[in-house]
Structures are given as structure tokens and as C-alpha cells.
Amino acid sequence: MKRQKNSMMMVLLALVMAVALGALALTGCGGSSSGGSKANDLKLVNSGKLTVLSDCDYPPFTTLDNGHAAGFEYDLCEAIAGKMGLQVNYLEPQKFDTIVTTIKSGGKADIGVSCFTINEERAKEIDFSDAYFDSNQGLVVMSDSGIEGTDGLADKKVAAQSGTTGEEWANENISGAQIVPLDTATDCFEALQSGQVDGICLDLPVAQNDIKMSYPDAKVILEIPTGEQYGMVISKDNTALKDAVNKALGEVKADGTYQKLMDKYGFQ
Amino acid sequence: MIASSYREAHVGTTGRIPAGGRVRKTSTSHRLARFFSLLLVAMLCIPTAAFGLTTNSTTARSNETGSGNAVLGGIPTRITWEGSVGADEQITAMHIDFPSGCDLDEAYLKVTALEGLNRLEVTSESSFSDKALDVTFTTPVPSGTTLRLEMQAVSLPAHGGDVVLTGTYTDQQGQTSALQDSPAISVVQVTTTERIVGALDNAEWCKAWNSNKFLGTFLKPQLIVSSIPSLFFGWLRALMLVFIGFPLAIPIGLGFSFMKISHSRILHFIAAVYVNVIRGTPLFLQIYIAFFGLPLMGIQINNYVLGVCVLAINSSAYLCEIFRAGIQSIPKGQFEAAWSLGMSKSQTMFNVIIPQTVRRVIPTMTSEFILLYKDSSLLSAVGVMELMMFAKSITANTGNITPYIVAAGYYLIVTLPLIRLVNKVEQRVARGDGSASSNAGDTRKRRKTKRAAKQSAMAMQAETAQVGLVTSGSLSGSAGAAGHAVGFVAQGSTKGGPRALS
């Protein structure tokens, strides 16, 4: 028994040390990344590179093409980084609802680009760039379900991607429904197809694209005019980067590159 | 006058009666009036039966911390009013009245205008007074526009109840008309938890604590307070999943362990494939297959039931191996002894071998239980509302890690005592296995020594009992380990006595 007590003390000690180390590491990260010498005062994680974090699971905006990031947002990031004289470095995909936290705590990536709707709740944690896309929400059900609107979904299950404005909308507007938060839009469609849920709520362009590409037996029953806009997520500690991104975004819009991208992906 | 009858008429035609609003209190004369005005509208205005500005919806964002979905009074939230501008109308200004008890001190407005699904650039000026919002649109909002007013940081009445927004709008001609009553927003009274959170929000020490990036992210006091009650139900559900799943896994595992040690090659093969496939693939994958695969085959099972099944199947494979090892660790002599007493194969198994195995496998089984309990968190990925899922949804809403830490606490509440129990049982088993005398050297307190003395006395008794039996039944077997075992043999032989001995 004595040995056991000792070992418990050791475990406690180890825990305390781990926590302390974590704290050190976190606070350390905040201050150390200020060594960007090339780009003027942009506190970049890797100098010369614009390190981007995305969930890469929201086609046509952000997706993986043979293991490489692709999509509208990827092209847009390349264009913006081009204007800034930087290279784009897409990190490994990370779950959507963790990206804002990661950007906020800093040290891993410079910007988060994953169809983040500019809203007040997120704006408390991080800064947004200027808007780069106008979006809306869509409510999707299976074509043969006979559900016509939100009334048909009362007492049913509605899936939405965790942490999205779609989840928020569903919570606020579909009374009586149980909202099931899932990790990705693909999970939502899988759950819909398999009958785990009766409806899903997600960004309209993504819903339309997914239905066209992979789920022809589902349909959008409600186009919800929310008028939300996507913005890039940047740490509040890095206003210089935000200004630079906004400047580059303005240039990309002004010189027609943006419109070319919109045309390429069939957006109006 | 006309405008008000319009309003009444509209309420009548849509059939939507704001709960708790003034319409509910209408007397018969009002109803008659409504009927006539409805008739009037129907006769006169059918082609252009449109409002200047129709209220589509009014909703409030849930401001309950945690996984709840209620709109609480007294705590800032966001109210979204949505309406459409009617044909041939242009709106230049709006005025929205809030019922008494609302706090608009911090409130601010965001206006979104859309034509169909496309955003329109609308500039506006807005101001909140004590009880009302005034918006003036610098350019008139054209007809056919969907107008969204997001009123941020509005506190609804703390005592709860239904909140109905009323107001007026001004069209291009400068004519001011009444706005339809909004659908009621039901507001819930502030809970104790929320009250504590509110107090913490204002506490100085709390602000200082949260200003540290690490403490604020991992151990935010407000979120600890609000997470504990809202994670509690998730915890219960996680417990339910394992407390049903694990007992289910035991007979399945036992069955497969019999198959595995059986002499039939086919049975052995089936069991080996089952165990190897399940132990050789991640539980996460099995969950995905079960949750997304089965429904595609048209098999619809309740999420919780399916979750329990997957956990049970997964655990049964591990338990199978635990039981098999346990059974095979029983000295061969025990089988021989039972056989020599005339017991059948199943009698041997259930009366002699299994009881001894139970004692040996309990520590490993408990460890397996702990593993299963922790692994139930994987079900969160497929939408089973359990502990991890609750924590995840709060984290997703708040962008803070604290709920995960609280969830860790909930896991530890169960696992730590179990781990301790495993250690104790293991020690006891080790002591029972012929090291009873080592207790003498243990410098423990009196109570412990007493207990140890009791235990060693019991061990002595068992040993003497065994010696008795060994001599009478001339059994072979290792001395210490067989202590209890032979007790069982004796019991077994009395139970199955008449037939076995005859």
C-alpha cells in the first residue's frame, strides 16, 4: 500500500509538471513567433509562408484532391499570398470546430480559411478579414421523405456540422427538432442517407454541390436567406497580417482574379 | 385604422396566434371585428393583399451555457427579426418596441438585406433607447427585399415568459404603419447555474484568472460551473451505455471463449476469426461501419441500442481472450480431479473451472470495463449523445477547452476508484497465492494488520480444508492457488453428487 501511495504522489507530481509545461509552452508560443524578418512585421509562423488551416472537407470551397488541398478557398489563398509575396502552406486538415481556437492560441497557423461565417460570437475570439464570399443556409432532406419545410421536422432529428451557423440556425428556427452536431458535412449527408437523421442544415452552396456530386437522392427544401459572409480567421494579436490580407483581397477583387475564380467554380 | 385591421386579418389568415400576446385575449366582439375585417380584406384587397412589411420570423439565440437550448432572461442574447418588404413598397425606417424588463443598454444592431439569396448593400443608422430600437435606412429598402435585423446583446426579461415584439415602420411616403406582432419568443427564467456564472463574469479574481491564456482556456471558472450540470446527463448516458453493454458482452465473450478452447476445429476457427477481426480493427471503424453501414441495408436501430451493441460486441472479443486465458490458467489437475469425481464436462466447467476463473479474471475484466467506459466516448463521432458529445458541443460553441477538462473529471470519477479496486484485488490475489506470511513484515496501522490477520487466518482455514480434501480425494494440484478451488470442487461434488457418484 505504501508503494501505491508513493506512486500516486508521483502521478500527481507528473500531472502538475505536465500542466506547468503546457502553460509554459502556450505562453511561449505567443511571444516567440515575432521573428519574421522578410515580410514587414507580419508575425508569420513560418516566414515567407502563409500557413493556412482548414478542415478541407467542404467542397467546392475547401477539399482534398489526392491528398492535396484544393477548392475555391485554396485558389483564393494562393492568389492572396501571391499578392503578399508569400507561399501558401496548407496544413493537415483539422476539425472545423477547433480551427478558431487554434488560430486564437497561435503558433500553428497564420489564418484559418474554412468557410467561416463572420459573426459576433467568433469575432469575440478572433479577427475576421474582409468578407470574401456571400453565402446562405440550406435545409436538405431526402427526396422521398415527403418533408416540405421546418414544420415537417418537428420531433425529428436534424444534423448540422458542429460549430457552424447552420447548427445555430437549426437550433433557433426548427422548433421541436433534436439537433445532432456532427464533425463534417460529409458525416451529415451520410447520416441523412442512412436515415439516422431526417434533415440536415448547412451552407447552401456546399449543400447544392454535395447533392449534385454525390447525393442525388437528397434535395434542398428550403433556401434560407441569411446573407451571411465568409471571412478568413486571423488572430487578434496579428492586426498587421489582417491588414495585409485585406489589402491583398482588395487587389485580387480589383484585378479580376476573384471574378475568374468565381466563374471557375460556377458561382454567380 | 386600416393598417390595424390588416394586421388582425393577417393573423387570422396565417392562423398564427402569438402565444401570450394580446390576440389571445380577444373578446368575442374583437373576434367579430376580426372576422369582418378579414371579410373586408378578402373582398377588397385580394390581388394586392400585401403588407408593407411582413414579419416572417423572430427568434432568439439560445444563451444557455452548456448543451441546453433555452433562451434565458436576464442574460444577453441575439434576437433576429426577419421580414419581407411587400410589393410596391419601400421602407425608410423601422421602430421596434421591447416589452418591459428588457435590457438594451449594450445592444447593437446588424442589418442584412437580401433580394432572393443575394445580399443588397443597405446602409442604415440605428439607435437603441431604453425600450425601443429605431432604424433609419439611408437608402429606402426596395420591395421584395428580405430584411434581417440582428439585435445583439439584448437581455430579455429575467422573470421569463413570452416575449412579443411590436413596432411600426415608415414607408417612402412617410406614412407610418404598425408592424405585425412578432411570433412569441419563450424566455426561461435564469437558472441558479446561470446566476453563478453571471456573478463569476463580474468577479475581479475571475477576470484576472481568465486573463492568463492557459487558465482561461483550460480552467475557465464560468465554464466549469456551467459544464458540471450540463455534462451530468451525458455522464449518466455514458454510464448507461457501458452498464448495459458490458454485462451483455460477458456471456458473448464466455461463449466465444468456450468455442476457442473447444476441440471442434470449426468452432475454434469461427471464434478465432471473430476475436481477431474485432481485436484487430479499431473500435472507431466498427462504430462507423455499424452506424453508417447497417442503415444503408435498411436496418434501422435506435442510436443508443446500436451504440450498446457495438460496445458489447467489441468488448466481447477482448473478454473472450481474458476468459480463455483465465480458463487455461487453471491447473490441469482441477479438470482431472473433477473428472475423477465423476463430473461431466459441463459440470466441471460451470462448477469447478469457471468459479476459479472468475477470481482470476476479475482484475483484467475490471480493466476491460475501464477501457470500454473510456471508449464509449468514440460514439460521440456518430451523434450518440454521451459525455464526450456534450463536452464537444459546449466547446464548439465557446471555443474553450474547459468542458473537456470537466468531462475528464467525470471519467476519472469512475475510473480512479476502479483502478484502485483492481490494484487491491490484485494484491489480495497475490497474497492469497501463498504469500500470506509476508503480511507479518508489513508495517501498517493496526486496523490493517487486523484485517491482514483475518485474511491470513482465512487462508489458513482454506489450506487446512484443502489438505483435508487432498488427502481424502487424493488430488494433485498446486497448494496455495487451489485453496478456494478445492472448496469449489467439494461444493460441486455435493451438488452434482447423487448422479455423479452413483
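1. Helices α8(B) and α9(B) of this predicted model are oblique to each other. The angle between them is about 140°, and their axes lie 10 Å apart. This value does not exceed 145, and the pair therefore counts as oblique rather than roughly antiparallel. Helix α8 of chain B covers residues 283–296, and helix α9 of chain B covers residues 303–329. The crossing of α8(B) past α9(B) is right-handed. On the α8(B) side, the contact involves L283(B), Q286(B), I287(B), A290(B) and F291(B); the partners on α9(B) are L306(B), V310(B) and N314(B).

2. Two packed helices are described by the angle between their axes and the distance between the axes. For helix α3 (residues 192–202) of chain B and helix α6 (residues 221–261) of chain B, the axes come within 9 Å and cross at roughly 175°. That angle is over 145, so α3(B) is roughly antiparallel to α6(B). The residues that meet are T193(B), I196(B), V197(B), L200(B) and D201(B) from α3(B), and P221(B), Q222(B), V225(B), S226(B) and P229(B) from α6(B).

3. Contacts between the two chains involve 35 residues of chain A and 29 residues of chain B. On chain B, the elements that each supply two or more residues are the strands β1 (53–60), β5 (108–115) and β9 (145–155), together with the helices α5 (213–218), α8 and α12 (387–398). Of the elements on this side, α8(B) gives the most, with 4 residues.

4. The overall make-up of the two chains is as follows. Chain A contains 9 helices and 10 strands, while chain B contains 16 helices and 13 strands. Of the 268 residues in chain A, 47% are buried; for the 502 residues of chain B, the buried fraction is 35%. Among contacts with a separation of 6 or more, residues 24 or more positions apart account for 70% in chain A and for 75% in chain B.

5. In soluble globular proteins, nonpolar side chains tend to be buried together. Here the largest nonpolar core comprises 71 residues, and V158(A), A159(A), C188(A), I200(A) and V233(A) have the most contacts inside it. At least three of its residues come from each of two domains of chain A, namely domain 1 (34–134 + 230–264) and domain 2 (135–228). One of the residues with the most contacts, C188(A), touches A159(A), A160(A), Q161(A), L182(A), I200(A) and L202(A) when its neighbours within four places in sequence are left aside. Apart from this core lies another, of 51 residues, which includes W235(B), M259(B), Y373(B) and F390(B).

6. How many residues of helix α3 (residues 96–105) of chain A are buried? The count is 8 of its 10 residues, and the helix is mostly covered. The buried positions are F96(A), D97(A), I99(A), V100(A), T101(A), T102(A), I103(A) and K104(A). Within chain A, these buried residues pack against β1 (49–53), β5 (111–112), α4 (120–125), β7 (157–161) and β10 (218–234). They also pack against α12 of chain B. After α3(A) comes G106(A), with a positive phi near 75°.

7. Most residues other than glycine have a negative phi, and most peptide bonds are trans. The bond from P59(A) to P60(A) is cis, with omega near 5°; P60(A) sits in the loop between β1 and β2 (63–65) of chain A. In the loop between β6 (127–142) and β7 of chain A one finds D155(A), whose phi is positive, near 65°, although this residue is other than glycine. D155(A) counts as exposed because it has 10 C-beta neighbours inside 10 Å.

8. D88(B) is not a glycine, yet its phi is about 60°. Its position is the loop between β3 (76–85) and β4 (91–97) of chain B. Is D88(B) buried or exposed? Because 12 other C-beta atoms lie within 10 Å, and the limit is 12 or fewer, D88(B) is exposed.

Technical notes. Residues numbered from 1 in each chain as written. Chains lettered and ligands numbered in written order. Predicted model: local features only at pLDDT ≥ 70, side-chain atom pairs only at ≥ 80, totals over all residues. Core = buried A, V, L, I, M, F, W, Y, C linked by C-beta atoms within 7 Å. Buried ≥ 20, exposed ≤ 12 C-beta atoms within 10 Å, placed from the backbone. Domains from an automatic or database assignment. Contact = placed C-beta atoms within 7 Å. Axes fitted to C-alpha atoms, helices over the stretch in contact; angles between N-to-C directions. Parallel < 35°, antiparallel > 145°, perpendicular 65-115°, else oblique. Left-handed = near helix turned anticlockwise from the far one by under 90°.
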